Amino acid sequence: MDQPSSCHAKGNQFKRRTIFIKKGLQFRYMTLIILSVLAGLMIMAFELTFTLSDIFDNYPVLLQPLYDNFPTIAYGFIYKIVIYVVFVVLISAILSHKMAGPVYRFEQTCKAIAKGDFSQRVHLRKGDDLTDLQDEFNKMMDRVEAEINKKQHGGV
């Protein structure tokens, strides 16, 4: 697992050792990406099928070689689709990691703050999503910590 965020000075880079850091969130995110790609592929396949059927009805001689070789063409097409879907799964895992990692980091930092450590800040990796939220959260915690210190040292 990652080191606690307090071990990282701002700007230091760290690497997560696992791809699936928040499995539920990542699998939902990946499922949405994969289903949208599969829906697009299905729409494309139906459109291609209807277009070829229409051409075959009007010009059967033109497409006869295609229909004669259909099993070979279909297997090649299915093989390419499987490779494409595997590629989409890998890309969606990477994209979901860029979202789930920061969410995980925020959760860990919030748990530490809830235990009373107001010096905690969120430090995300370069390229992660939610860096604007990180900046605003850290500004908020700077203000909260300053107010607590002010009250502890006799300020009004």
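In the predicted model, Asp142 and Arg121 form a salt bridge, with 2.8 Å between the closest N and O atoms; a salt bridge is defined here as a side-chain nitrogen of Lys or Arg within 4 Å of a carboxyl oxygen of Asp or Glu. The pair links distant parts of the chain, since Asp142 belongs to helix H4 (residues 131-152) and Arg121 to the loop between H3 and H4, 21 residues apart. Helices (H or I, at least four residues) and strands (E, at least two) are DSSP runs, numbered from the N terminus. Asp142 is partly exposed, at a relative accessible area of 43%, whereas Arg121 is buried, at 10%. Buried denotes a relative accessible area under 20%, exposed over 50%, and partly exposed the range in between (1.4 Å probe, protein chains only). Arg121 and Asp142 also belong to a network of salt bridges that includes Glu145.

By this rule the salt bridges number 5. Side chains of opposite charge can pair when their charged atoms come close. One of the bridges joins the side chains of Asp128 and Arg125, at 2.9 Å from N to O, and both of these residues are buried. Another joins Lys139 to Glu136, at 3.4 Å from N to O. Lys139 and Glu136 are both in helix H4, 3 residues apart, which is about one turn of the helix. Glu136 has a relative accessibility of 46% and therefore counts as partly exposed.

Residues are numbered from 1 along each chain as its sequence is written, and side-chain values use heavy atoms, with hydrogens and water left out. As the model is predicted, local features need pLDDT of at least 70 and side-chain atom pairs count only at pLDDT 80 or more, while totals for chains, interfaces and linings use all residues.

The protein contains 4 helices and 0 strands, and its elements run α-α-α-α from the N terminus on. Of its 156 residues, 24% count as buried. Among contacts between residues at least 6 apart in sequence, 66% join residues at least 24 apart, a contact being heavy atoms within 4.5 Å.

Two packed helices are described by the angle between their axes and the distance between the axes. Helix H1 (residues 23-58) packs with H3 at an angle of about 145°, the axes being 8 Å apart. Axes are lines fitted to C-alpha atoms, for helices over the stretch in contact, and angles run from 0 to 180 degrees between N-to-C directions. The crossing of H1 and H3 is right-handed; a crossing is left-handed if the near helix is turned anticlockwise from the far one by less than a right angle, and right-handed if clockwise. The H1 side of the contact includes Leu25, Gln26, Tyr29, Met30 and Ile33, and the H3 side includes Ile81, Tyr84, Val85, Ser96 and Val103. The residues of this contact of H1 with H3 divide into 17 nonpolar, 4 polar and no charged. Ala, Val, Leu, Ile, Met, Phe, Trp, Tyr, Cys and Pro count as nonpolar, Asp, Glu, Lys and Arg as charged, and the others, Gly among them, as polar.

Ser96 lies in helix H3 (residues 70-114) and is buried, with a relative accessible area of 1%. Apart from its neighbours within four places in sequence, Ser96 contacts Gln26, Tyr29 and Met30. Pro102 is also found in helix H3, and its relative accessible area is 0%, so Pro102 is buried. Pro102 and Asp128 are 26 residues apart along the chain, with a separation of 6.8 Å between their C-alpha atoms.

The loop between H3 and H4 holds Lys126, which counts as exposed at 75% relative accessibility. Lys126 and Lys98 lie 28 residues apart in sequence and 10.0 Å apart in space, C-alpha to C-alpha. Leu130 is found in the loop between H3 and H4. Although not a glycine, Leu130 has a positive phi of about 75°. At 30% relative accessibility, Leu130 counts as partly exposed.

The protein averages a pLDDT of 83, and 88% of the residues score at least 70; pLDDT is the predictor's confidence in each residue, from 0 to 100. Confidence is lowest in helix H2 (residues 60-68), with a mean of 77, and highest in H4, at 92. Over residues 1-12 the pLDDT is below 50, and this stretch has 22 contacts in the model beyond near neighbours in sequence.
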